[in-house]
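Here is a short briefing on one protein chain. Keep the sequence and the 3D view open as you read.

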Amino acid sequence: MLTYVGRRALLAIPTLLGVSLVVFITIKIIPGDPVATMLGPTGTPEAHAELSARLGLDRPLPVQYVTWLLHAVTGDFGTSLSRHSDVGPIVSDALYNTLILSAIAAVLALLLGVGIGAFVALRPHGIAAKIANSFSLVAISVPQYSVGILLIIWLSVNVGLFPSSGMYSPVGGGGLGDLLKHAALPAFTAALVPAGIIARMFRSSVRDVMSMDFVESLTARGLPQRTVMRHVMHNTVPSLLTVAGLQIGYLLGGVIFVEAVFSWPGIGLLVYQSITQRDLPVIQAAVLVSAFAFVLLNLIVDVVQGLIDPRVRVA
């Protein structure tokens, strides 16, 4: 098992290096001059050259990349151009808030996806199954920001049931109940696409397992239906883990529109604001940290899958 974990961890290293290179190159080809942004409209050419030399921006690009990567590994992402403070604490606070929203959305996605997928697989005929299938298809197809705006208009503005923005109430807030109340709408909005995909994949997985010979054999031996279904569900766990892990990882990067619509102070909102402010160090750090969290999550899923299914370790 340790060999399997070590092999998976080593495979994550080139992935992270590739992501860091793509992020660095993307930031460099974006039009604009970060030094001019820092100096403002009154900056002189001499001050521009001096600040470029001090920041190392006059060096060759390979040298800049290696220097930036070495600093990033130690947690030094530089200074924010718009906030004039260290990027590390800004990104870590935003990542913590995104992880909270992603965790709540992941629970909702798993409950909805597994419940709908199992229901349709076990009862494929009838109006209820058609409604469940339609829900999963609509959940995948409808843009998240459109759903978020509709929920704000309906449940926040018209009904007044949930707050429309923020993470806590400005007055008298701060508790777990207040957090869950603020997270209800953005978490449900973010969970729709993963829930739809999990539902459709889990439905197919349950149907495939139920068509196997061992299910017919267990039924022929007279085992209760509950026992047979327990064996069926056990055999669907590896595929469910794979799909659920990918979709939960998607939440880390896919909540950018949700956080922007609901003003949730996470990585998505931070990247959106930094793009409008051309705060390149924050954008670099946020994207790199998000990619690292995604790779780490997939590594955890692979390890758990290897613990559950020994065939994965052998393969």
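Which backbone oxygen does the side chain of His182 reach? The side chain of His182 reaches the backbone oxygen of Asp178, at 2.9 Å. That is a polar contact (a pair of N or O atoms within 3.5 Å; within protein, one must be able to donate a hydrogen and the other to accept it, and residues adjacent in sequence count only if both atoms are side-chain atoms).

The model is predicted: local features need pLDDT of at least 70, side-chain atom pairs count only at pLDDT 80 or more, and totals for chains, interfaces and linings use all residues. Residues are numbered from 1 along each chain as its sequence is written, and side-chain values use heavy atoms, with hydrogens and water left out.

**His182**

- His182 lies in helix 8. Helices are DSSP runs (H or I, at least four residues), numbered from the N terminus.
- His182 counts as buried because its relative accessibility is 5%. Buried means under 20% relative accessible area, exposed means over 50%, and partly exposed is in between (1.4 Å probe, protein chains only).
- Leaving aside neighbours within four places in sequence, His182 is in contact with Pro163, Ser165, Gly166, Met167, Tyr168, Ser169 and Trp264. Contact means heavy atoms within 4.5 Å.

**Nonpolar cores**

- The largest nonpolar core has 24 residues. Such a core is a set of buried Ala, Val, Leu, Ile, Met, Phe, Trp, Tyr and Cys residues joined through side-chain atoms within 4.5 Å.
- Ala105, Ala190, Leu251 and Trp264 touch the most other members of this core.
- Two or more residues come from each of helix 5 (87-122), helix 7 (144-158), helix 8 (176-210) and helix 11 (256-262). Helix 8 gives the largest share, 8 residues.
- Apart from this core lies another, of 19 residues, among them Phe77, Val87, Leu288 and Val289.
- In soluble globular proteins, nonpolar side chains tend to be buried together.
- Trp264 has contacts beyond its neighbours within four places in sequence, including Asn97, Leu101, Met167, His182, Pro186 and Leu269.

**Helix 12 and Ser274**

- Helix 12 spans residues 267-277, and Ile267, Gly268, Leu269, Leu270, Val271 and Ser274 are buried there.
- The buried residues of helix 12 pack against helix 5, helix 11 and helix 13.
- Ser274 counts as buried because its relative accessible area is 0%.
- A polar atom of the Ser274 side chain lies 2.7 Å from the backbone oxygen of Leu270.
- Ser274 also touches Arg83, Asp279, Val282 and Ile283, not counting residues up to four places away in sequence.

**The salt bridge**

- How many salt bridges does the structure hold? It holds 1. A salt bridge is a side-chain nitrogen of Lys or Arg within 4 Å of a carboxyl oxygen of Asp or Glu.
- Asp279 and Arg83 form a salt bridge, with their closest N and O atoms 3.6 Å apart.
- The pair links distant parts of the chain, 196 residues apart. Asp279 sits in the loop between helix 12 and helix 13, and Arg83 in the loop between helix 4 (61-73) and helix 5.
- Asp279 is buried, because its relative accessible area is 0%. Arg83 is partly exposed, at 29%.

**Positive phi angles**

- Arg278 follows helix 12 and has a positive phi, near 55 degrees.
- His84 is not glycine, and its phi is positive, near 55 degrees. His84 is found in the loop between helix 4 and helix 5. At 63% relative accessibility, His84 counts as exposed.
- Ser263 is not glycine either, and its phi is positive, near 55 degrees. Ser263 is found in the loop between helix 11 and helix 12. At 36% relative accessibility, Ser263 counts as partly exposed.

**A nonpolar surface patch**

- Phe292, Leu296, Ile300, Val304, Leu307 and Ile308 form a nonpolar patch on the surface, with about 510 Å² of accessible area together.
- Accessible areas come from the Shrake-Rupley method with a 1.4 Å probe, and for residues only the protein chains shown count as cover.
- Leu296 belongs to helix 13 (residues 280-308). Leu296 counts as partly exposed because its relative accessibility is 38%.

Methods. Patch = residues over 30% accessible without salt bridge, like charges linked within 9 Å, V, L, I, M, F, W, Y side chains within 5 Å.
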